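Me: I am new to this structure and would like to go through it with you. Could we begin with contacts between chains?

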Amino acid sequence: MANNIERPLDLLNNSKNKEVLVHLKGGNQFVGILVAFDIHINLVLDNTKEMQNNEIKRNIGLTFLRGDTIIFISPASFSSKKE
Amino acid sequence: MANNIERPLDLLNNSKNKEVLVHLKGGNQFVGILVAFDIHINLVLDNTKEMQNNEIKRNIGLTFLRGDTIIFISPASFSSKKE
Amino acid sequence: MANNIERPLDLLNNSKNKEVLVHLKGGNQFVGILVAFDIHINLVLDNTKEMQNNEIKRNIGLTFLRGDTIIFISPASFSSKKE
Amino acid sequence: MANNIERPLDLLNNSKNKEVLVHLKGGNQFVGILVAFDIHINLVLDNTKEMQNNEIKRNIGLTFLRGDTIIFISPASFSSKKE
Amino acid sequence: MANNIERPLDLLNNSKNKEVLVHLKGGNQFVGILVAFDIHINLVLDNTKEMQNNEIKRNIGLTFLRGDTIIFISPASFSSKKE
Amino acid sequence: MANNIERPLDLLNNSKNKEVLVHLKGGNQFVGILVAFDIHINLVLDNTKEMQNNEIKRNIGLTFLRGDTIIFISPASFSSKKE
Amino acid sequence: MANNIERPLDLLNNSKNKEVLVHLKGGNQFVGILVAFDIHINLVLDNTKEMQNNEIKRNIGLTFLRGDTIIFISPASFSSKKE
């Protein structure tokens with residue numbers, strides 16, 4: 001999957017309609033289907049779950065996440081590597 | 001609802017006149033009717049309630065929220081998923 | 001009052017010469033008459049009172065508030081909703 | 001004094017050569033004569049006193065204050081309202 | 001390796017497809033293969049491992065890291081110097 | 001000295017080759033001869049001393065200080081006012 | 001060495017290929033040979049050593065340091081002044 005990534009945003013583009021893990025600066029973690037993103041790394045996730053200690057804390061459905069609170073976004077969810 | 005979202009701001013546009021849940025960096029949570037937003041993610045909510053532990057802390061009515069304090073905005077309120 | 005708000009700054013414009021409640025990032029709360037604002041959400045309040053636990057901590061009269069410290073601005077003061 | 005204020009910076013302009021109270025994000029408070037300001041809200045104060053608990057902590061004379069550390073600037077000094 | 005570095009981004013360019021160590025502001029440490037970067041220092045790492053006390057905390061595979069959370073990026077991994 | 005200051009940067013220009021006291025956001029204090037500055041308030045100080053409790057903690061000689069960490073810069077050093 | 005410094009970046013230019021001490025906002029300290037810098041004060045250091053209490057904590061070799069985490073950069077290393 002890393003072969004066709006020239007710029008960082010290419011990974012986000014490749015991850016559309018797939019489940020991503022998102023870590024925020026305050027320690028919040030979300031898992032959801034990546035619906036949309038922009039150059040500010042603002043995201044829309046669907047079927048979003050707020051996670052705590054690898055367990056679902058609550059379902060928040062469709063969600064707009066502001067880019068400037070994000071640390072990392074990984075299409076490989078839950079500590080398991082998928083390539 | 002996720003079908004017609006091309007860019008993150010589309011979700012905010014679709015959520016106009018609907019109830020949204022807003023989480024801020026300092027831990028504050030607000031629920032209110034989304035009246036307006038701009039590209040800085042500044043929001044105006046109507047009928048705004050400041051929440052604490054899923055209970056209403058106080059009513060603050062019409063409110064201007066500065067975008068740079070926002071973590072996420074979800075049209076699905078109160079830990080229940082709506083699609 | 002929410003009917004004629006197309007963009008977030010419209011609420012501030014509608015609130016000119018009215019009392020607003022302003023919450024800052026550090027926890028400070030101010031109540032005062034909104035005299036002026038700009039696109040950075042810098043404000044001038046008149047008759048400004050610094051509040052603590054819903055009581056007046058001190059009067060600071062005319063005050064310039066820097067926009068980047070603001071969390072929210074509400075024309076509905078003191079936990080009571082006015083529409 | 002609030003009558004001729006159209007934009008927030010007008011208050012700073014009206015306060016030139018007058019004593020202002022300045023609160024910074026870290027909790028520092030300064031009182032001094034406003035000598036100059038710019039659009040970043042950088043200030044020069046003369047006769048600057050660093051305050052603590054409404055008492056003078058030290059005199060630092062002419063001082064350049066960086067705008068991005070400022071919470072509010074009030075021409076009404078020391079918790080007493082002057083109009 | 002330092003000989004052909006005129007500008008800081010040259011080091012990142014030279015490190016493509018090599019293992020880098022990345023330290024973030026919150027204390028997080030990642031090791032992974034540098035796949036892509038942009039002028040905001042947004043990164044994509046492959047085979048990313050989150051580290052804690054020099055041990056692998058978890059594998060997160062392909063990952064987008066936002067540039068503004070990064071303190072330093074070093075092609076020399078694990079406290080050992082390679083030139 | 002305040003007479004010829006129209007804009008805040010004029011004070012820095014007047015302070016060139018003079019000793020200044022610089023307070024940073026993290027609490028660090030430096031005293032040194034102001035050699036150069038730019039519009040970001042980046043500074044170069046010569047003969048720089050890091051201060052703690054009004055005593056010299058260490059000499060760091062010529063130093064580049066990034067503007068965005070600065071709270072205030074005062075040509076009047078060590079809590080004593082000089083005009 | 002201060003004689004030919006007109007602007008702050010001149011000091012960085014004069015320090016190329018020399019050892020510099022870099023202090024970051026989180027308290028980290030690095031010593032290394034300055035290889036490159038840009039207007040964002042992003043740096044590349046070679047032979048970089050992370051310091052703690054004036055002792056070497058670890059060698060991290062060639063390193064890219066993001067400018068916005070930097071407090072100061074001094075060509076005079078280890079608390080001793082060199083002119």
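Me: How many salt bridges are there across the interface of chain E and chain A?
Reply: In this predicted model, the rule finds one salt bridge there. A salt bridge is a side-chain nitrogen of Lys or Arg within 4 Å of a carboxyl oxygen of Asp or Glu.

Me: Which residues form the salt bridge?
Reply: A:Lys25 pairs with E:Asp68, and their closest N and O atoms are 3.1 Å apart.

Me: Before we go on, what should I know about the numbering and the model?
Reply: Residues are numbered from 1 along each chain as its sequence is written, and chains are lettered from A and ligands numbered from 1 in the order in which they are written. The model is predicted, so local features need pLDDT of at least 70 and side-chain atom pairs count only at pLDDT 80 or more, while totals for chains, interfaces and linings use all residues; side-chain values use heavy atoms, with hydrogens and water left out.

Me: How many residues of chain E and of chain A take part in the contact?
Reply: Chain E gives 23 residues and chain A gives 28, where contact means heavy atoms within 4.5 Å.

Me: What area do chain E and chain A bury between them?
Reply: About 2,100 Å², with 62% of it on carbon and sulfur atoms. Buried area is the accessible area (1.4 Å probe) that two parts lose on being put together, summed over both. In chain E, the residues that lose the most area to chain A are E:Leu62, E:Phe64 and E:Arg66, together 34% of what that side buries.

Me: Which strands run antiparallel between chain A and chain E?
Reply: Strand 5 (residues 70-74) of chain A and strand 4 of chain E do, joined by two bridges. Within strand 4 of chain E, E:Phe64 stands opposite A:Ile73. Strands (E, at least two residues) are DSSP runs, as are helices (H or I, at least four), numbered from the N terminus; two strands pair if DSSP finds at least two bridges between them.

Me: Staying in chain E, is strand 3 mostly covered or uncovered?
Reply: Strand 3 (residues 43-52) is mostly covered, with eight of its 10 residues buried. Buried means under 20% relative accessible area, exposed over 50%, and partly exposed in between (1.4 Å probe, protein chains only).

Me: What does strand 3 of chain E pair with?
Reply: Strand 3 pairs in the antiparallel sense with strand 2 (residues 29-37) over seven bridges, and also with strand 4 (residues 55-65) over eight bridges. E:Leu34 stands opposite E:Leu45, and E:Gln52 opposite E:Glu55.

Me: Which residue in the turn between strand 3 and strand 4 of chain E has a positive phi?
Reply: E:Asn53, at about 50°, in a hairpin with two residues between the strands. Most residues other than glycine have a negative phi.

Me: And in chain D, where does D:Asn53 lie?
Reply: D:Asn53 lies in the loop between strand 3 (43-52) and strand 4 (55-65) of chain D. Its phi is positive too, about 50°, and D:Asn53 is exposed at 72% relative accessibility.

Me: Turning to chain G and chain F, which residues form the salt bridge?
Reply: G:Lys25 and F:Asp68 form it, with the closest N and O atoms 3.2 Å apart. Chain G and chain F bury about 2,000 Å² between them.
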